[in-house]
Amino acid sequence: MEVPEWKDEQGKPSIIYFRSSMRLSQKGILLKHYQNDEYDKAIACQLIFRCKDSQGKPLFQMNQMDQILDELDPDVCSRIVAEMDQALPSIDEIKGN
């Protein structure tokens, strides 16, 4: 996914790769944040859990939660998470239909 708001070293839009799913333990963390009305933390966690570089390495670590919350545009983060969710395969695709 191209993120024009995040420029790379050459000033080009960053390209992020992402996992289409999360581990159950990660989903549990998200659920806790949603239950506590901590939507900003839930979005940040999704970025941490799912965003990868071209080598498949995580772009963010859990110890960067405050930095993500304080420094990244929440609208951009929300859009990225929404686009990742839209890219999830449908039930028919999973079944191979």
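Which side chain meets Arg-79 in a salt bridge at 3.1 Å, N to O? The partner is Glu-83. A salt bridge is counted where a side-chain nitrogen of Lys or Arg lies within 4 Å of a carboxyl oxygen of Asp or Glu. The model is predicted, so local features need pLDDT of at least 70 and side-chain atom pairs count only at pLDDT 80 or more, while totals for chains, interfaces and linings use all residues. Residues are numbered from 1 along each chain as its sequence is written, and side-chain values use heavy atoms, with hydrogens and water left out.

The chain holds five helices and four strands. Helices are DSSP runs of H or I with at least four residues, strands are runs of E with at least two, and both are numbered from the N terminus. In order from the N terminus, the elements run β-β-β-α-α-β-α-α-α. Of the 97 residues, 28% count as buried. Buried means under 20% relative accessible area, exposed means over 50%, and partly exposed lies in between (1.4 Å probe, protein chains only). Among contacts with a separation of 6 or more, 53% join residues 24 or more positions apart. A contact requires heavy atoms within 4.5 Å.

Three salt bridges are present by the stated rule. Arg-79 and Glu-83 both belong to helix α4 and sit four residues apart, about one turn of the helix. Arg-79 also pairs with Glu-5, the closest N and O atoms being 2.5 Å apart. Glu-5 is partly exposed at 44% relative accessible area. Arg-79 is partly exposed at 26%, and Glu-83 is partly exposed at 30%.

The side chains of Arg-50 and Asp-85 form another salt bridge (2.8 Å, N to O). Here too, distant parts of the chain are linked: Arg-50 lies in helix α2 and Asp-85 in helix α4, 35 residues apart. Arg-50 is buried, at 2% relative accessibility. Asp-85 is partly exposed, at 35%.

In soluble globular proteins, nonpolar side chains tend to be buried together. The largest nonpolar core in this model has 21 residues. Such a core is a set of buried Ala, Val, Leu, Ile, Met, Phe, Trp, Tyr and Cys residues joined through side-chain atoms within 4.5 Å. The residues with the most contacts inside the core are Trp-6, Leu-47, Cys-51, Phe-60 and Ile-80. Elements giving two or more residues to it are β1 (2-7), α2 (39-50), α3 (65-71) and α4 (74-86). Helix α2 supplies the largest share, seven residues. Ile-80 touches Met-1, Val-3, Trp-6, Ile-16, Leu-47 and Cys-51, leaving aside residues up to four places away in sequence.

No disulfides are counted. The criterion is a pair of cysteine sulfur atoms within 2.5 Å. The sulfur of Cys-51 has its closest cysteine sulfur in Cys-77, 8.6 Å away, which is too far for a bond. Cys-77 is accordingly in no disulfide. Both cysteines are buried: Cys-51 has a relative accessible area of 0%, and Cys-77 has 4%.

Rolling a probe the size of a water molecule over the atoms shows where empty space is left. The largest pocket has a volume of about 180 Å³. On a 1 Å grid over the protein atoms alone, a pocket is an open set of points where a 1.4 Å probe fits, with protein on both sides within 12 Å along at least five of seven lines; lining residues have an atom within 4 Å of a point. Grid points are joined across faces, edges and corners, and the volume is the space filled by probe spheres set on the points. The lining consists of Trp-6, Lys-7, Asp-8, Glu-9, Ser-14, Ile-15, Ile-16, Asp-53 and Leu-59. Strands β1 and β2 (13-15) are the elements that give two or more residues to this lining.

Most residues other than glycine have a negative phi. Asp-37 has a positive phi, near 55°. This residue is placed in the loop between α1 (24-35) and α2. Asp-37 counts as exposed, at 55% relative accessibility.
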